[in-house]
Amino acid sequence: SQKGKVKVDQFLSAEKDIYIVGDNADTAYSGMAQTAIYDGKFVAENLIKMARKKGCDDAMNLLVVYIL
C-alpha cells in the first residue's frame, strides 16, 4: 500500500498460507498494540479451525505457514 504496509484480505492473508498481523498489515487499526494482539489470536484461531476442518486434531500437523 502507499503506507508501506501489506494489503490483506478479511482473514489477514496476503497470499495463500501467508498471513500478516499487527503493524505490517494494511488494516484500519494497525499500529496499535491491541490490534497486533487481536490479529495474532484471530489468525491462530483460524489456523486451528482449518486444521480441524481437514481432520487434524493437532494444529501442528498443518503445513508450514508464514506469519509476519
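Mentor: Let us begin with the elements: helices (H or I, at least four residues) and strands (E, at least two) are DSSP runs, numbered from the N terminus. On that basis, Ser30 lies in the loop between β2 (18–19) and α1 (33–53). Residues are numbered from 1 along each chain as its sequence is written, and side-chain values use heavy atoms, with hydrogens and water left out. This is a predicted model, in which local features need pLDDT of at least 70 and side-chain atom pairs count only at pLDDT 80 or more, whereas totals for chains, interfaces and linings use all residues.

Trainee: Why is Ser30 called buried?

Mentor: Buried means under 20% relative accessible area, exposed over 50%, and partly exposed in between (1.4 Å probe, protein chains only). Ser30 has a relative accessible area of 15%, so Ser30 is buried.

Trainee: What makes the pairing of Ser30 and Lys5 a polar contact?

Mentor: A polar contact is a pair of N or O atoms within 3.5 Å; within protein, one must be able to donate a hydrogen and the other to accept it, and residues adjacent in sequence count only if both atoms are side-chain atoms. The side chains of Ser30 and Lys5 are joined at 2.7 Å.

Trainee: Why are Lys41 and Glu45 said to be about one helical turn apart, and what joins their side chains?

Mentor: They are four residues apart in helix α1, which means a separation of about one helical turn. Their side chains meet in a salt bridge (a side-chain nitrogen of Lys or Arg within 4 Å of a carboxyl oxygen of Asp or Glu), with an N to O distance of 3.9 Å. Lys41 is exposed because its relative accessible area is 54%, while Glu45, at 37%, counts as partly exposed.

Trainee: How many salt bridges does a search of the whole structure find?

Mentor: The search finds two. In the other entry, Asp17 pairs with Lys16, the closest N and O atoms being 3.2 Å apart. Asp17 counts as partly exposed because its relative accessibility is 24%; Lys16, at 70%, counts as exposed.

Trainee: Where in the chain is confidence lowest, and where is it highest?

Mentor: With pLDDT being the predictor's confidence in each residue, from 0 to 100, the lowest mean is 59, in strand β3 (residues 66–67), and the highest is 92, in strand β1 (residues 13–15). Where pLDDT is low, the predicted coordinates should not be read in detail.
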